[in-house]
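Dear colleague,

I am handing over to you the structure shown below, together with its sequence. Please keep it open while you read the notes that come after it.

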Amino acid sequence: MNQCLAPAAERVLDDDDIQTIATILNAPNLLAVTGSLKAYVARTMDAHDVVITWRLPHGTEHSAPSPVEPVDDDLLAQAEALPGHLVRSADRAGFALCIADGDLAAQGLGAYVVAGIDPDIDDKTIESAFPAWLRSCVSSALDKSNLRALVSRLDQSERLQHALFAIADMASSGMDMGEMLRRMHQIIAGLMYAENIYIALYDKAADEIRFLLFVDTQDVALENVSGVITDADQARIPMQRIEGGITWHLIHGGKALMGSTPQIASQVSGKLTALGSDCHDLLGVPMIAGNSVRGVIVVQSYSERPRYTEADKNLLAFVSSHVLTALDRKQAHQELERRVAERTQALTQEIHERERSERLQGTLFRIAELSSTAASTDDFYGDVHRIIGEWIDCRNFYIALISNDGEYLQFAYFVDEHEATPAPRKLGRNATEYVLRTGKPLLADLSNPESAAQLRQMHLRGELEIFPDDTSCWLGVPLICADRTLGVLTVQSYAGGAKYTARDQELLTFISYQIANGLERARAAQSLQTAYAELELRVADRTVELREQIAVREKIEQQLKHEVLHDALTGLPNRTYLRDHLTRVISRQHRDPNYQFAVLFLDLDRFKVINDSAGHLVGDALLKEVAQRFSACVRGDDVVARLGGDEFAIVMEGIRGSGDTIRLARRIVSALAEPVRINDKELFTATSIGIAIGGPDYQQPEQLLRDADIALYRAKANPRQRYELFDEQLNREALHLLDLENELRVALARREFEPYFQPIVRLEDSSVVGYEALLRWHHPIRGVLAPGAFLAVAEASGILEAIDWQMFELTVAAIPQLLTQSQYVNLNVSPQHFRSAHLDIKLLALLRNNAVEPSQVHIEITEGALMDDPEQAIAIIERLRQAGVVTALDDFGTGYSSLSYLHRFALATVKIDRSFIIDLAPGVRGSGEPVVRAILALAQSVGLDVVAEGIETSAQHEALSGLGCLLGQGYLFARPQPLSVILATKKPAES
């Protein structure tokens with residue numbers, strides 16, 4: 001059963017209702033609002049099994065809390081299908097409806113309540129439980145949540161813009177590669193946590209990766225390599241060595257990875273191999289050029305800290321393309337020099353030597369890895385034997401070690417065609433002992449007369465026993481670690497067997513060091529076991545000490561109770577303490593109306609700039625110094641509290657009027673006029689203060705803090721006045737913004753918006769080539785309004801996209817009457833539209849429905865549309881271009897104005913901002929002329945059309961024509977007019 005939900009009769013608010021309103025309006029997030037709504041529904045109607053589920057506007061970037069309780073999906077679906085209607089279950093024991101007002105409720109957005117209820121309760125009783133004030137509170141909570149998300153997004157966009165500008169500036173500067181990489185690390189660290197970072201490029205042809213930057217608190221990229229890596233050969237790693245690792249998956253998967261090691265394992269296809277230390281959190285993105293992966297950027301943390309978010313992933317992915325561009329520019333010169341050097345060498349010999357060097361390096365890496373991963377020493381020796389067999393003939397191979405007492409030779413590993421493993425023997429004068437004694441390799445080729453003669457001389461001197469007759473060639477190298485000879489590695493051949501060379505000796509010498517290190521690690525493990533036994537004894541002693549410390553900890557518990565109510569950094573009372581204190585003060589004021597008090601809300605100006613530039617340690621020191629100065633300004637009974645970040649609050653009791661609060665505010669402002677000296681640096685900061693005077697209307701501490709916060713923002717808007725008293729004027733301004741938002745929603749429903757058209761003309765003969773469609777609002781009271789009067793509120797409230805689409809529909813419908821076959825109309829598309837991947841599909845469908853050729857429609861975008869998601873914007877613009885809709889970049893020259901826009905995005909036109917046109921005149925070289933001349937030259941070189949905006953005088957017209965500009969628009973030619981006026985003007989001209 002369902003019915004349209006009629007307006008409920010307003011009932012008198014009780015204390016619980018007022019508490020509900022305050023809780024919802026001051027809730028920090030939608031999860032807190034959900035709890036308040038559930039409590040309200042259960043209390044008001046004695047309902048049970050109450051579930052709150054949210055439906056948010058399309059494009060909202062924050063998530064609503066999902067219900068953990070089971071919900072009647074059928075009942076919820078009926079309520080969603082009938083927005084604004086009360087729905088009852090068949091047995092009337094359950095109901096569902098949407099709590100919201102105005103346009104939100106009409107769209108089915110807001111909080112949906114699904115609950116069980118007494119079947120005998122009628123619909124009117126349920127309706128009365130959801131009065132207008134409750135719907136308004138829910139809508140306000142949604143709007144407030146959206147505003148928070150918008151502020152966060154704008155702040156992130158600003159930081160990203162500065163970072164990209166800095167990267168582009170470095171790419172064109174004269175700094176060397178090492179300095180540029182260090183600066184890039186600093187820039188990325190300013191956007192997110194990046195204490196541990198590495199940047200590597202991928203060479204697809206060689207199937208190897210090269211580290212350019214590797215900064216890590218626990219690992220190094222290669223042996224003795226960290227920081228900025230300048231040795232290109234040392235920094236190259238074959239992909240097979242890291243197969244299955246995170247870097248390998250980033251390159252082969254071509255998509256970002258984020259989270260802990262188990263989370264990343266679920267994001268990749270195939271096995272994830274652990275390389276290096278396990279991290280707490282990791283974020284890695286591939287650097288992509290075209291359709292190929294060129295490299296990776298990875299940041300990670302080892303300590304407990306907030307994890308990386310989707311926003312961080314998108315941000316790092318966007319920054320990576322700019323980093324790759326900068327690296328390519330820097331490497332271009334180095335790559336040219338490398339190729340010239342390569343061509344001067346004999347290619348055949350170079351390739352041979354490089355392959356051998358790479359194989360040798362790979363062999364050393366494999367042996368180094370075996371020393372720490374082999375299950376036993378026998379497995380280690382066997383694997384080493386097989387690896388050496390890839391290089392030389394080692395069918396006869398053994399490893400002999402000297403005993404701990406230095407008296408015996410023990411054969412740890414022995415493989416021979418003719419002999420079994422020998423028993424340990426006393427040291428003698430054989431070739432193995434000779435290598436042990438001298439610590440030098442020995443190569444004995446008995447088939448070589450010169451070598452055989454040298455061996456006979458050594459025998460005559462008593463240094464060496466004669467080799468057996470069946471031995472053909474013998475090669476032994478010492479196993480040396482830390483200047484101590486541990487044993488000998490030997491290969492030999494019999495009659496007709498292999499011949500060993502000096503290069504084989506060099507190879508085995510290299511390998512011997514790795515084997516010796518592995519043997520030393522095994523001995524270190526034995527020492528470690530002994531250390532563990534000693535540690536157990538120390539633990540037993542420590543247990544006794546801990547018992548003595550228990551008494552001390554009991555005293556610490558008392559101190560912790562104090563710390564719960566105080567800020568750990570400044571020692572001031574915290575938000576919890578302040579709220580309890582304000583509750584007591586408000587109660588006292590209610591008991592004694594003559595008792596007066598006030599709340600001052602303060603925050604520091606430019607604190608974020610100081611914190612980001614000088615570091616968190618300096619920021620913390622600044623907060624402590626500011627807290628001391630605040631405390632020195634107040635009276636003995638006043639309370640100074642830190643609410644979090646750079647926000648403070650002061651409670652003044654027993655005041656005689658607003659004059660006392662103003663005098664305190666002035667003292668605080670004066671106290672911060674003096675610079676703060678931290679680590680030999682002088683820092684300057686100031687504070688803005690909002691003041692709310694307590695009165696009988698205040699029931700909760702949050703109400704006082706809210707009004708003081710409103711006054712604070714007024715003070716920030718007026719830098720000459722550092723403090724502001726809350727009054728009704730501030731309240732009226734807040735209500736005015738709310739009224740304007742409601743009027744916009746009504747205007748959208750009534751279709752009060754209309755396109756005005758301003759012609760774009762050919763400067764040579766003032767003939768019209770097209771029009772720009774401009775938004776106007778036919779306000780029923782204020783008349784025709786330009787976008788400046790309402791656009792900011794429309795964007796903040798989330799209805800700008802709906803207004804734009806209404807404009808698009810009206811403009812496209814007017815094209816058959818407005819345009820000739822060769823003319824076009826420009827549509828202004830705001831950045832919000834590019835967050836939808838289907839913008840082009842929807843726009844082309846609109847053109848088809850109105851039988852309009854795509855070539856008669858151009859879209860105008862600003863740089864903001866290209867910043868949030870460049871890859872998606874590129875795809876949309878390219879699909880529109882292929883369909884016939886071209887793109888113009890508006891206000892060119894006033895923003896970032898990166899040449900990469902003209903290179904990466906399929907733009908057809910740039911529009912010169914009116915600020916460069918104002919001072920143009922024939923024969924006069926103003927500040928705008930060089931910019932206009934440069935833009936025209938640039939556009940001509942890449943084949944772009946240029947339109948000059950804001951032409952208001954004949955002098956500007958003449959100057960632009962002289963500079964070679966072909967198209968323009970402005971009041972000199974025509975003001976924006978509605979379609980009816982333009983058509984009325986055309987008819988007499990045609991007749």
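Please note that the model is predicted. The chain has an average pLDDT of 83, and 91% of the residues reach at least 70. Among the elements, the lowest mean pLDDT, 46, belongs to strand β1 (residues 2-4), and the highest, 95, to strand β34 (residues 967-968). Over residues 1-9 pLDDT remains under 50.

Six strands make up an open sheet, arranged in the order β15-β14-β13-β18-β17-β16 with antiparallel pairing. Strands β15 (425-426) and β16 (442-445) stand at the edges and have a single partner strand each, so one side of each is without a neighbour in the sheet. Helix α12 (residues 377-389) packs on this sheet, where it touches β13 (396-402), β14 (408-415) and β18. The direction of α12 makes about 60 degrees with that of β14. Within the sheet, β17 (residues 471-481) and β18 (residues 484-494) are joined by 10 bridges in the antiparallel sense. Cys 473 lies opposite Ser 493 in β18.

Which residues touch the most other members of the largest nonpolar core? They are Phe 757, Ile 861, Val 932 and Leu 960, in a core of 55 residues. Helix α23 (residues 800-818) contributes the most to this core, with six residues. Beyond four places in sequence, the contacts of Phe 757 include Tyr 771, Thr 811, Leu 818 and Ile 982. A second, separate core has 43 residues, among them Phe 95, Ala 115, Val 138 and Ala 141.

Yours sincerely

Definitions and conventions
Residues numbered from 1 in each chain as written. Predicted model: local features only at pLDDT ≥ 70, side-chain atom pairs only at ≥ 80, totals over all residues. Heavy atoms only, no water. pLDDT = per-residue confidence, 0-100. Helix = DSSP H or I, 4+ residues; strand = E, 2+ residues; numbered from the N terminus. Contact = heavy atoms within 4.5 Å. Pairing = 2+ DSSP bridges. Axes fitted to C-alpha atoms, helices over the stretch in contact; angles between N-to-C directions. Core = buried A, V, L, I, M, F, W, Y, C linked by side-chain atoms within 4.5 Å. Buried < 20%, exposed > 50% of the residue type's maximum accessible area, 1.4 Å probe, protein only.
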